[in-house]
Amino acid sequence: MLKRILVSLALSTAAAFAVTPARMIERRGATNVFPNPPTTITLSSPITVKAGQSFTPPQAYTRYERGYGACRDGEGGQADAVFVLEEGATLNAVVIGKNQMEGQCTINHVYFEDVCEDAITIKQSSGVSYINYGGAKGASDKIVQHNGGGKVVINSFYAENFGKVYRSCGNCKTQFKRSVEINDSWAVSGSTLVGINTNFGDTATIRRQKALNVRTICQKFIGNNLGNEPTNNGSGPDNISCLYNNFDVTS
């Protein structure tokens, strides 16, 4: 049986996060070398990072997970997450193990060793969320699921063996005009880099992207708010929705 949506981080309510302002991000290429966690901590409940506070483990890149059997069929909820970040909180330098459950948040220097299906869900109503550095492997469906509004910026992120790196929700009950920006990232062995809904005005901007064995860079859909499967609406750069050119994507 397929492993269902299993995510590791949770965003409290519908808060918008901006972990690090874009102007402070050091431009650098993504790396496929994941940290070697010095220790593993198994949690019986999520760690909540309060509004405006920052969480950094005593030992950088400590692995956090929810224990054997957490990665199972069926969706979990916020109570099953590894971290819950309230508005304005920051999460730094952790590794999320393969024993994980569902949740949402914006992250900084976080690595997902083995995503069950989705890794990150964004539920902000507006504003900009940043995913800075880090990486994810083994996402059978999506790495970043954007259900709320506003913009997601992904900087220097590595993705391997995935369905989609980013997907604007195609059939959420409440729909938004969403945008995504991907900079200096690296994707290996996946179906689609980004999926957006052109009928809702979504845009995807892609710069300095490395892609190896990725079938589609920018897939366009006709989304809906009825829960129905969205329909394809073409793919590739168009200067309207998929904002990149062939020089922006290399292998």
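## Ring pairs and disulfides

Colleague: Are Y158 and W186 buried or exposed?

Modeller: This is a predicted model, in which local features need pLDDT of at least 70 and side-chain atom pairs count only at pLDDT 80 or more, whereas totals for chains, interfaces and linings use all residues. Residues are numbered from 1 along each chain as its sequence is written, and side-chain values use heavy atoms, with hydrogens and water left out. Buried means under 20% relative accessible area, exposed over 50%, and partly exposed in between (1.4 Å probe, protein chains only). On that scale Y158 and W186 are both buried.

Colleague: How many aromatic pairs does a search of the whole structure find?

Modeller: Rings of Phe, Tyr and Trp (its six-membered ring) pair if their centres lie within 6.5 Å, with planes under 30 degrees apart counted as stacked, over 60 as edge-to-face and the rest as tilted. By this rule, the number of aromatic pairs found in the whole structure is 7.

Colleague: Why is the pair of Y61 and Y111 classed as it is, and how is it named?

Modeller: Y61 lies in the loop between β4 (54-55) and β5 (62-65) and Y111 in strand β8 (residues 108-112), so the pair ties together parts 50 residues apart in sequence; strands (E, at least two residues) and helices (H or I, at least four) are DSSP runs numbered from the N terminus. Y61 is partly exposed at 23% relative accessibility, while Y111 is buried at 7%. The ring centres are 5.8 Å apart and the planes stand at 75 degrees, so the pair is edge-to-face.

Colleague: How far apart are the ring centres of Y158 and W186?

Modeller: The planes of these two rings stand at 75 degrees, so the pair is edge-to-face. Y158 is in strand β13 (residues 158-168) and W186 in strand β15 (residues 186-197), 28 residues apart. The centres of the two rings are separated by 5.1 Å.

Colleague: Which residue has its charged end over the ring of W186?

Modeller: A charge sits over a ring if NZ of Lys or CZ of Arg is within 6 Å of the ring centre and within 35 degrees of the ring normal. At 3.9 Å from the centre of the W186 ring, the charged end belongs to K210.

Colleague: Is the link of C218 and C242 right-handed or left-handed?

Modeller: A disulfide is a pair of cysteine sulfur atoms within 2.5 Å, and those of C218 and C242 are 2.0 Å apart. C218 lies in strand β17 (residues 209-222) and C242 in strand β19 (residues 242-243), so the pair ties together parts 24 residues apart in sequence. With -75 degrees about the S-S bond, the link of C218 and C242 is left-handed.
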